[in-house]
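This report describes selected aromatic contacts, a strand arrangement and a helix. The sequence and the structure are shown first.

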Amino acid sequence: MENLHNHTHGCTHCSCDNPVLKILKDDLFSAENLTKINPGSGKATHEKPQTLMISGGIIRPMISGSTDKVDAIGIADGKVVVTGSESDVTDYMTANHKGFQNKILTATQTLLPGLIEPHVHMIPTAMMHGWVDLSPFEGQNLKAGYNLTSVGAIINAHIPKIPGAVILGRGLDPSLMPFEEKDGKKELVTIDNTVLDEINDEVPMMLLSASMHTLYLNTKALHYVYDHNPKIQTQYDHSVDKYIGDTKGQLQEGLQMTPALQTVKLQIIVMSLQINSYLTDLFKLANSRGVTFMYDAGLNKGSDLLLTKYFETHSELVRTGGAHICSSQEDVDKLDDYKEPDHYRPVYHGHIKIVSDGSNQGLTGYQSAPYLCDPVNNTGVFNFPQAGIPAHTIPPSYNTLINTAVAKKGWPLMIHANGDQAVTFAINAYQGSLAQYRGPELRNRIEHCSLLTSEQITNMLQMGVSPSFLIGHVGYWGYAFKKVIFGEKAKMLDLCGSALAAGMRITLHSDIEVSPLGPLRMMEQSITRIMEKKTTSIEVLNSAECLTPEQALTAVTYDAAWQCYADKWVGSLDKGLFADFVILDQDPLSLQTQSSQYMKMRDIPVLETWVGGIPVYVKDHVQVVTENDMTFSENP
């Protein structure tokens, strides 16, 4: 008998559908809390844009997506006014912008358009900033010796500093810990209440997995949830032992996670009241990595309001846009007809976001065949199931939802699809809706688009649907996918080279907090496809899919702007576009061709980042301490 979709709607599994934000959104975005977050009605003060001619070094304005160099560039009133030879730019600036300043780059310094993160989650990242960081990352690199012992040391070191009754942790990633051997087979490490009790059995701990699919609790926390939630007491026959025995501290999906998180709701809200300062830290971190534009892949009315109020009272360190998330047919039915953004404003809407499945490294991406690792016969989750519909048949209700958004309302979509079956469903749904759509060409996307075939690439190309790849799947998780989770199927991951060879436009993203911010790092991972968890020797995952440096740069600038409906404003330094640019210490296109050299691309120093002709980051003045605490300090 064929399996049916093994999931009920309401799944929480990745940054695209953050479980904490879903549970707290009404409280967090209440009028009372918004007043606490944004006290007063002060307006942001804006520095005056500089009038400047920049020459020397290496200048790649990426006009029309070309990586060709120019000698000089002129900016005024926050925009690019001229590019070309040094004499032509000098003549133009002299004639039109008297009093301009000269800035001369040294030989290796490189000016590029501001780098773009086309799929991020700003509010959830900032909101959970106060949780203990248990992620496998140190900056943009995997931590050495990441295991339960190292995680336990972090937790116990933070216990005296954590406000509230429960230790709240985030980013715990079993898929990047050492594998276990079971019956002669490699498996991901198992985390349950007894394992966490070995770390600490005296203080309640709730640790959210990096995939956001699982909330891990020690025994003390299970007792805490049971004591503070009458519904749990009723559900488990008024027996705390039954609750502990049935869940083993592994709370899966919204149905199990929500009752636990509700018991610490007040604690989370109190921690979230500093969200403005956390957002500022996030944007400064982005600037320090050359980012000038971030596109949010899961906005709602509350986050729209919070971000809008933030930009009313804070300087705009990055430009922002995003997609409004829709979780049901009712949400889609409420949409107004689409109007393509024709001018820039902070937090503009370019897409609708649909989350169809989960996370591959969290074992919740929806697959056509079971994962190779435990639990057995697990094919992941699909968020729009329909009773009686076989697992490999697209649910009619999902088709209806996509058709309403695209064919009837005219909205371009970002469909989150990680597993190969979820990608198949997304392509099939697009085919049906676009066959009925009558209107201007839409920039429809598939997010993560992890596991692809050549036939699917052809279908997407014909429909004008483009992928945005979470390239960390290859760099950070590739080894786990190949050795434990997928086996040879891992070769289907992030087919960047094939997509470009077919004529598609692609982008690379971090999905922060799933992986660290850093377009230079994403370029590097797409160029090398080195599986970084394997430390004994260099191993490349499907080298045929490696990008050239030029292709990678296009993916994080020109094509990223196009995909986000931002190409009228950013993505290149063409005349009339915003003077948003970055100055690097080295040219990322001029590194040596050996793969080991490209492992240094993420470490190229970002010297300056400018937004609208205003410097928002200068390396000599501001130092990033760590990504883990996102704090910044003035150099002495």
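In this predicted model, F283 and Y310 are both buried. A search of the whole structure finds 26 aromatic pairs, and F283 with Y310 is an edge-to-face pair. In general, a pair of aromatic rings is described by the distance of the centres and the angle of the planes. The table gives these values.

| Aromatic pair | Centre to centre | Angle between the planes |
|---|---|---|
| F283 and Y310 | 5.6 Å | 65° |

Y344 and Y348 belong to one aromatic cluster together with F293, Y295, W569 and F578. The charged end of R319 sits over the ring of Y344, 5.4 Å from its centre. R319 also lies over the face of F578, at 3.6 Å from the ring centre.

A further topic is the set of parallel strands around β20. Strand β20 (residues 466-469) directs S466 and S468 one way and P467 and F469 the other way, and all of these residues are buried. Strand β19 (residues 445-448) runs parallel to β20 and is joined to it by 3 bridges; within this pairing, E447 has S468 as its bridge partner. Between the two strands the chain passes through helix α17 (residues 454-463), and this β-α-β crossover is right-handed. Strand β21 (residues 507-508) is likewise parallel to β20, with 2 bridges between them. Here the bridge partner of F469 is L508 in β21.

The last topic is helix α19. Why is helix α19 (residues 478-485) described as largely enclosed by the rest of the structure? The description applies because 6 of its 8 residues are buried, where buried means under 20% relative accessible area. The buried residues of α19 are G478, Y479, A480, F481, V484 and I485. They pack against β11 (185-187) and α18 (472-475). After α19 comes G487, which has a positive phi, near 70°.

Definitions and conventions. Residues are numbered from 1 along each chain as its sequence is written. This is a predicted model: local features need pLDDT of at least 70, side-chain atom pairs count only at pLDDT 80 or more; totals for chains, interfaces and linings use all residues. Side-chain values use heavy atoms; hydrogens and water are left out. Buried means under 20% relative accessible area, exposed over 50%, partly exposed in between (1.4 Å probe, protein chains only). Helices (H or I, at least four residues) and strands (E, at least two) are DSSP runs, numbered from the N terminus. Contact means heavy atoms within 4.5 Å. Rings of Phe, Tyr and Trp (its six-membered ring) pair if their centres lie within 6.5 Å; planes under 30 degrees apart count as stacked, over 60 as edge-to-face and the rest as tilted. A charge sits over a ring if NZ of Lys or CZ of Arg is within 6 Å of the ring centre and within 35 degrees of the ring normal. Two strands pair if DSSP finds at least two bridges between them. A crossover is right-handed if, with the strands pointing away from the viewer, the path from the first strand over the helix to the second runs clockwise.
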